[in-house]
Amino acid sequence: MDYGISSPSEVRKFLEGDPRVIAPLMLGAVLTHHSEAGPVSVRLTEVEAYMGPRDSEHPDPGSHTFGGPTARNAPMFGPPGFLYVYFTYGMHYCANIVCGPDGSPSALLLRAGEIVAGDELAALRRPASKAHKDLASGPARLASALGLTTADTGRDALASPFSLWLPTTPAAAVASGPRVGVAGPGGSTEYPWRFWIEDDPTVSKYKAARTRTRSAAG
């Protein structure tokens, strides 16, 4: 399988950048999880960038790191290329890939994608999905299709049993806008840090936050 750049050192160097800059360049990247049940690969079509604590150079009120380091968000404070997977609403897992230099917390929430390998396994994990385009359309669906849980948080997404391929050319048409489900200032138009491939059928539907109780991601 060859989707582009896969050298762990090259990919990690790329991920050291500002997530707001690299987010649109991640569209079309392919993340694979080789679980015991088999491999599943997803081509990313939608991601969201998240930054740091209130006392950092780039404070982000929508980020899990805004209040500072905790046992839960610890992977976001580590080196790039590692997974930050969290459990939300008592039922869903959502996956992020850590970005930025080690010690500068930021990440990309993997919001949606197209299953490009392992369709049968992804469908088995997502029995409620009625069409192929729905298998990874949304962060909880994407994590489920890949078989990711909080047991994977802190694991290296660039090493076995994972791999990440970067696209060699940028997506043709990229749109940006407010992040999904983020309450308060972090979900406003001042934070247009959600990026997606225009007209791709796997991109999730936009939903504004109803309350201020929690952020949506990373």
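These are some friendly notes on the predicted model above, point by point.

1. Ground rules. The model is predicted, with local features requiring pLDDT of at least 70 and side-chain atom pairs counted only at pLDDT 80 or more, while totals for chains, interfaces and linings use all residues. Residues are numbered from 1 along each chain as its sequence is written, and side-chain values use heavy atoms, leaving out hydrogens and water.

2. The main core. A nonpolar core here is a set of buried Ala, Val, Leu, Ile, Met, Phe, Trp, Tyr and Cys residues joined through side-chain atoms within 4.5 Å. Buried stands for under 20% relative accessible area, exposed for over 50%, and partly exposed for what lies in between (1.4 Å probe, protein chains only). The largest such core has 41 residues, and those touching the most other members are Leu-15, Met-26, Val-42, Leu-44, Leu-110, Ile-115 and Leu-164. With 5 residues, strand E2 (residues 38–50) gives the most to this core. Helices (H or I, at least four residues) and strands (E, at least two) are DSSP runs, numbered from the N terminus. There is also a second, separate core of 9 residues, with Tyr-50, Tyr-86, Cys-94 and Leu-109 among them. As background, nonpolar side chains tend to be buried together in soluble globular proteins.

3. Around Ile-115. Which residues does Ile-115 touch, not counting those up to four places away in sequence? They are Val-40, Ser-41, Val-42, Ala-122, His-132, Leu-135, Ala-136 and Ala-145. Contact means heavy atoms within 4.5 Å.

4. Helix H4. In H4 (residues 139–146), the buried residues are Pro-139, Leu-142, Ala-143, Ala-145 and Leu-146. Viewed down the axis of H4, they fall within an arc of 165 degrees (taken from the directions from the helix axis to the C-beta atoms), so they line one face of the helix. Their cover includes E1, E2, strand E4 (92–98), strand E5 (107–117) and helix H3 (119–125). Gly-147 follows H4 and has a positive phi, near 75 degrees.

5. Helix H2. Pro-19, Ile-22, Ala-23, Pro-24 and Met-26 are the buried residues of H2 (residues 19–26). Gly-28, which follows H2, also has a positive phi, near 100 degrees.

6. Strand E6 and its approach. Phe-162 and Leu-164 point one way from E6 (residues 162–165), Ser-163 and Trp-165 point the other way, and all are buried. Strand E1 (residues 30–35) runs antiparallel to E6 and is joined to it by 4 bridges; strands count as paired if DSSP finds at least two bridges between them. Phe-162 is the bridge partner of His-33. In the loop between H4 and E6 sits Pro-161, and a cis peptide bond joins Ser-160 to Pro-161, with omega about 10 degrees.

7. A backbone angle to look at. Asp-199 is not a glycine, but its phi is positive, near 65 degrees. Asp-199 lies in the segment after strand E8 (194–197) and counts as exposed at 80% relative accessibility.

8. Ser-104 and the cysteines. Ser-104 belongs to the loop between E4 and E5 and is partly exposed at 36% relative accessibility. Leaving aside neighbours within four places in sequence, Ser-104 is in contact with Met-76 and Cys-99. The structure holds 0 disulfides, a disulfide being a pair of cysteine sulfur atoms within 2.5 Å. For Cys-94, the nearest cysteine sulfur is that of Cys-99, 16 Å away. Cys-94 is buried at 5% relative accessibility, and Cys-99 is buried with a relative accessible area of 0%.
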